[in-house]
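Subject: Structure for your review

Dear colleague,

Please find below the structure that I am handing over to you. My findings follow it.

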Amino acid sequence: MRGTGLAGHRRGATPHRRMFSVLALVGVCLLSLATAGTAGGEPAVGTGFAIPFSGDPGYEGLAPTQVTSPGQLNAPLGQQVADEIARQIGLDRSDALSEQQYRDLITGGGVGGSSDAAEVIDACARILTNTNGRPLYSDVDGRNTPSVLASYGLYVNPSGLLESPANADAPTRQVNSLIAPGGFVGTWLRNNGATHTLIALYESAYTVQAAFGVAAQQMSGEAQLVTNTKGGVSAEVGMSMAPPLWIVNFALLYVLQPSLAAAMPAYWAPIPAAVADAVRSSPTGQVPFSDYASYFQ
């Protein structure tokens, strides 16, 4: 049942008409979500996330569930699971960039390539796949320090500050201008023989989930954390692990390279309360990792 609604319309319309319909849908969703968001939402059944943080109910169940054992913490999806999720949101391997197109994009090559944009895109991929075996390295008190925090929806930036990937400082937030309709990525794809990838992305669950994700980010201040309430227990997790943002990021990584999506976190984990409180209290949504690293050991 999941993933068929948008994918089912991939034939029978011209690319321009399909693109217009997609953009119109985003606009309608944003208007309705912005209105609903101010009133607050009830937690969605089963997941503990509230609208708009739960995203479209038809796809919510595809997002990571909470860890139930230590071995699940920061564990990657794996390729088989990633391919199945892709199928259910309306994507398959034929929608992804070729190996050469991918290399050109992340190195600033191709027609209209940009080294600055490539750097942001590559950083995004590394942050969103910061799972076991894929540490990020940061300057923490003068030491080159590895960290693996993807399940928490957090990461340590190069300067040693702990933050949500949706923080205004993060490449994963700054990339929004590059992937927006009419932005760098869409233009690059059209100029480099990958229009099919762009159309597939917009016709997948990416479109409706992006609308929920934008609404969620607009409501979440500097911290960009999400409250999950299930069974009377509340926990905080970074915005990147909320269902709509996770699925949006999954779709983007999958069309870049399916193996990247396979490295995304399979489960989310509650941020330790003291850390969440500190991030929420920070005027920038950032705290020194050195002060809180012990909570993640």
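The largest cavity is lined by 22 residues, and V175, I179, V185, L252 and L256 are those nearest its centre. A cavity here is a set of points, on a 1 Å grid over the protein atoms alone, where a 1.4 Å probe fits but cannot get out, and lining residues have an atom within 4 Å of a point. This is a predicted model, in which local features need pLDDT of at least 70, side-chain atom pairs count only at pLDDT 80 or more, and totals for chains, interfaces and linings use all residues. Residues are numbered from 1 along each chain as its sequence is written, and side-chain values use heavy atoms, with hydrogens and water left out.

**Cavities**

The largest cavity holds about 300 Å³ of space, a volume being the space filled by probe spheres set on the grid points, which are joined across faces, edges and corners. At least two lining residues come from each of α6, α9 (184-191), α10 (195-203) and α12. Helices (H or I, at least four residues) and strands (E, at least two) are DSSP runs, numbered from the N terminus. Helix α12 gives the largest share of this lining, 5 residues. By class, the lining has 18 nonpolar, 4 polar and no charged residues. In this scheme Ala, Val, Leu, Ile, Met, Phe, Trp, Tyr, Cys and Pro count as nonpolar, Asp, Glu, Lys and Arg as charged, and the others, Gly among them, as polar.

In total there are 2 cavities of 30 Å³ or more. The second largest cavity contains about 60 Å³ of space. Its lining consists of I127, L128, A150, G153, L154, P165, S240, M241, W246, M264 and P265, of which 9 are nonpolar, 2 polar and none charged.

A pocket is an open set of points with protein on both sides within 12 Å along at least five of seven lines. Its lining comprises 13 residues, and I127, Y155, N157, P158 and P171 are the closest to the centre. Helix α6 (115-128) and the strands β2 (136-140) and β4 (155-156) each supply at least two of the lining residues. The lining has 8 nonpolar, 3 polar and 2 charged residues.

**Helix packing**

Two packed helices are described by the angle between their axes and the distance between the axes. Axes are lines fitted to C-alpha atoms, for helices over the stretch in contact, and angles run from 0 to 180 degrees between N-to-C directions. Angles under 35 degrees count as roughly parallel, over 145 as roughly antiparallel, 65 to 115 as roughly perpendicular and the rest as oblique.

Helix α12 (residues 243-256) packs against helix α11 (residues 206-218) at an angle of about 130°, with the axes 8 Å apart. The two helices are therefore oblique to each other. In α11, Y206, Q209, A210, F212, G213 and Q217 meet P243, P244, L245, I247, V248, A251 and L252 in α12, where contact means heavy atoms within 4.5 Å. This contact has 10 nonpolar, 3 polar and no charged residues.

Helix α12 also packs with α4, at an angle of about 105° and with the axes 11 Å apart. That makes α4 roughly perpendicular to α12. Here Q79, A82, D83, I85, A86 and I89 in α4 meet W246, I247, F250, A251 and Y254 in α12. The residues of this contact divide into 9 nonpolar, 1 polar and 1 charged.

The axes of α9 and α10 come within 7 Å and cross at roughly 135°, so α9 and α10 are oblique to each other. Their contact brings G186, L189 and R190 in α9 to T195, T197 and L198 in α10. It has 2 nonpolar, 3 polar and 1 charged residues.

**Backbone details**

Most residues other than glycine have a negative phi, and most peptide bonds are trans. I51 and P52 are joined by a cis peptide bond, with omega about 5°. P52 is found in the loop between α2 (15-39) and α3 (57-60). N74, which is not a glycine, has a positive phi of about 60° and is found in the loop between β1 (65-66) and α4 (79-89).

With kind regards
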